[in-house]
Amino acid sequence: MENYDKLLILAIGNPIRGDDGLGPLLIDVLYNKLSSSEKNSDNVYLLNSESTPENHTREIRQLKPSHIIIVDAVEFATNPGNIVIIQKDMIDTFNVSTHSMPISFIINYIEETIGSQVLTIGVQPKEMNLVNVISQEVIESVDELSNLIVDII
């Protein structure tokens, strides 16, 4: 990822739907891994939108991030925990998480109103039933992603 002025990590997911809770878990893990100076920086923001990222568009507009990394559980018919970078023109071909509004709408809105560069990362869930447990495969992927993001920051 090229240099950024403001980076927003936008995590999506429902914490009571198994592996769909990987987004909120990622925010917690990042918060614990970032140094206090990085947490209090004016150029890095962590946003847990749970299953309603559309409810945070005003907050995102106010932040005016130059770059956004969206992380969500995405069904792409591979092994649980696998990570994929989703190209914008391919986003609608994946079954993305449990939220109601297609993520492509939010990405288009952000790009048109703010001009942010958006990177979407999907993690293959193992189970997204009503269980408050995230699979070991997805926990390992969250740890890997958090390390990559901390390295970027």
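The secondary structure of the chain comes to five helices and six strands; helices (H or I, at least four residues) and strands (E, at least two) are DSSP runs, numbered from the N terminus. From the N terminus on, the order of elements is β-α-α-β-α-β-β-β-α-β-α. This is a predicted model, in which local features need pLDDT of at least 70 and side-chain atom pairs count only at pLDDT 80 or more, while totals for chains, interfaces and linings use all residues. Residues are numbered from 1 along each chain as its sequence is written, and side-chain values use heavy atoms, with hydrogens and water left out.

**Chain overview**

- Of the 153 residues in the chain, 45% are buried; buried means under 20% relative accessible area, exposed over 50%, and partly exposed in between (1.4 Å probe, protein chains only).
- Among contacts with a separation of 6 or more, 77% join residues 24 or more positions apart; a contact means heavy atoms within 4.5 Å.

**Nonpolar cores**

- The largest nonpolar core has 18 residues. Such a core is a set of buried Ala, Val, Leu, Ile, Met, Phe, Trp, Tyr and Cys residues joined through side-chain atoms within 4.5 Å.
- Ile 9, Leu 22, Leu 26 and Val 71 have the most contacts inside this largest core.
- At least two of its residues come from each of strand S1 (7–11), helix H1 (22–33), strand S3 (67–75), strand S6 (117–123) and helix H5 (136–152).
- H1 gives the largest share of this core, five residues.
- Another core, of 17 residues, lies apart from it; Val 84, Ile 106, Ile 107 and Ile 110 are among its members.
- In soluble globular proteins, nonpolar side chains tend to be buried together.

- Ile 9 touches Leu 26, Ile 27, Leu 30, Tyr 45, Leu 46, Leu 47, Ile 69 and Ile 149, leaving aside residues up to four places away in sequence.
- Leu 26 is found in helix H1. Leu 26 counts as buried because its relative accessibility is 0%.
- Not counting residues up to four places away in sequence, Leu 26 touches Ile 9, Val 71, Val 142, Leu 145, Ser 146 and Ile 149.
- Leu 26 and Val 142 are 116 residues apart along the chain, yet their C-alpha atoms are separated by 5.7 Å.

**Strand pairing**

- Two strands pair if DSSP finds at least two bridges between them.
- S3 pairs with S1 in the parallel sense over five bridges. In this pair, Ala 11 stands opposite Val 71 in S3.
- S3 also pairs with S6, in the parallel sense over seven bridges. Here His 67 stands opposite Gln 117 in S6.
- S3 is mostly covered, with eight of its nine residues buried.

**Packing of H1 and H5**

- The two helices H1 and H5 pack at an angle of about 45°, with their axes 9 Å apart. Axes are lines fitted to C-alpha atoms, for helices over the stretch in contact, and angles run from 0 to 180 degrees between N-to-C directions.
- H1 and H5 are therefore oblique to each other. Angles under 35 degrees count as roughly parallel, over 145 as roughly antiparallel, 65 to 115 as roughly perpendicular and the rest as oblique.
- On the H1 side, the residues that meet H5 include Leu 22, Leu 25, Leu 26 and Val 29. Their partners in H5 include Val 138, Val 142, Leu 145 and Ile 149.

**His 56**

- His 56 is found in the loop between strand S2 (44–48) and helix H3 (57–63).
- His 56 is buried, with a relative accessible area of 18%.
- His 56 touches Leu 47, Asn 48 and Ser 49, again not counting residues up to four places away in sequence.
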